[in-house]
Amino acid sequence: MSSHDITVAGFLIILAGLIGTDLAARRGYAQIPTFSQVITRIMRSRTGRVGILVAWAWLGLHFFAK
Amino acid sequence: MERLGGARRPRTARPATDPAIRDRDPAIRDPAISDPAIRGPAIRGPAIRGQRLEERPGFAERILITLSGIRQPIVAILLLISFFTVISGKPLDGLLLAVVATALAWDAGMRARELAMTPATGEKRPAATRYAGEASGPAWAGNADAPAPAADPGGLLTDEPAPRPAWRPRTGRPRARNIAIGGGTAVFYALIVGSFTRYSWPATAGVAGLGAGVVIVGWGGPTRKRQVPGKFARRGVLAWGSLLVVGGLWELAALLGQPTPEQSSYAHPTISTLTDPLLGSSLGRTVALLGWIGLGAFLVER
């Protein structure tokens, strides 16, 4: 297994962890909030709200803009 | 006749400058009336105004206020992104992000300072300082039966007061017609911007314009009333927090594994490197832009 494969596998495991955590939260396992609840809670203040939206805008700029 | 009268719109209130209203309304005519229910909360005595002027922070205090705002996790995350953007060869993006993060830190620090200066009355936070959709209870959004844990370890989600939104948030889902119009516009936008070469000025203008517009909308507050979840259990914070930290560290390890931060590596690909093949084609960019817009719509609705 090359370092390329290991790196890609790591990203896939993290992605699976994110999806799995959200699914577990939606099914009511443990006391884990869903992704939507986490984002709603963070965005209830202006700092959190603008910060998250700026991070989203940066994502677009990073992948598409000069 | 009654039906006709009932269907009429209520007469629009005339401004207080109208002499006819001014003479009739004792609250306007008589400056001695100071009931906030009548006159509104804007009345402040000269002593309070003077006190506020005296309390204007100096340069050193401004720096301290800004530094105190960096304790907000989202500000710290933005500054970290800014740092890695700069070392990845995009200094302008990083600088812009740092400016926004600093402004947010200042804003958060100032509000924390104002909150600290407010005399403790033991009362609940006034409704005016909450978003209109914010619930007072700890119930979780969309899951009222779920237990509401009380811990917030590490202060990941701090209790900063939220300002009143700039507009009246909706109560329900958007209408089907509006969703169709928005979806159609998003597809049109993605097709146009996706057709532009990556990293070109037209693509930059399209993405920066939409991003700035959404951030401005977000600055005004939520567009939809929602029940805000209470503080999360330690387990929940750890689950999401550890995934965020591990993901960030994995990306950082890949970035540091490159020959230089600007030069991508096949052996240690970052997320950007892995998405290059997808974003190399017009169709791929269109799909990715639709995903980006969808994520933005999800966030604006929070």
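**View 1. Helix H3 of chain A and helix H10 of chain B are roughly antiparallel to each other, because their angle is over 145 degrees.** In this predicted model, local features need pLDDT of at least 70, side-chain atom pairs count only at pLDDT 80 or more, and totals for chains, interfaces and linings use all residues. Side-chain values use heavy atoms, without hydrogens or water. The axes of H3(A), residues 46-64, and H10(B) cross at roughly 175 degrees and come within 9 Å. These axes are lines fitted to C-alpha atoms over the stretch in contact, with angles from 0 to 180 degrees between N-to-C directions. Helices here are DSSP runs (H or I, at least four residues), numbered from the N terminus.

**View 2. Here are the residues where H3(A) meets H10(B).** From H3(A) come residues including A:Arg46, A:Val50, A:Trp56 and A:Phe64. Among their partners in H10(B) are B:Ala203, B:Leu210, B:Gly211 and B:Trp219. Contact means heavy atoms within 4.5 Å. Sorted by class, this contact has 14 nonpolar, three polar and two charged residues. Ala, Val, Leu, Ile, Met, Phe, Trp, Tyr, Cys and Pro count as nonpolar, Asp, Glu, Lys and Arg as charged, and the others, Gly among them, as polar.

**View 3. A salt bridge links A:Arg46 and B:Asp107.** Their side chains meet at 3.0 Å, N to O; the term asks for a side-chain nitrogen of Lys or Arg within 4 Å of a carboxyl oxygen of Asp or Glu. The structure holds six salt bridges over all chains. A:Arg46 sits in helix H3 of chain A and B:Asp107 in helix H8 of chain B, so this pair joins two chains. Between chain B and chain A, the count is one salt bridge.

**View 4. Stepping back, chain B gives 81 residues to the contact and chain A gives 49 residues.** Together the two chains bury about 6100 Å², 72% of it on carbon and sulfur atoms. Buried area is the accessible area (1.4 Å probe) that two parts lose on being put together, summed over both. In chain B, the residues that lose the most area to chain A are B:Trp240, B:Trp250 and B:Leu299, together 13% of what that side buries.

Terms used. Residues are numbered from 1 along each chain as its sequence is written. Chains are lettered from A and ligands numbered from 1 in the order in which they are written. Angles under 35 degrees count as roughly parallel, over 145 as roughly antiparallel, 65 to 115 as roughly perpendicular and the rest as oblique.
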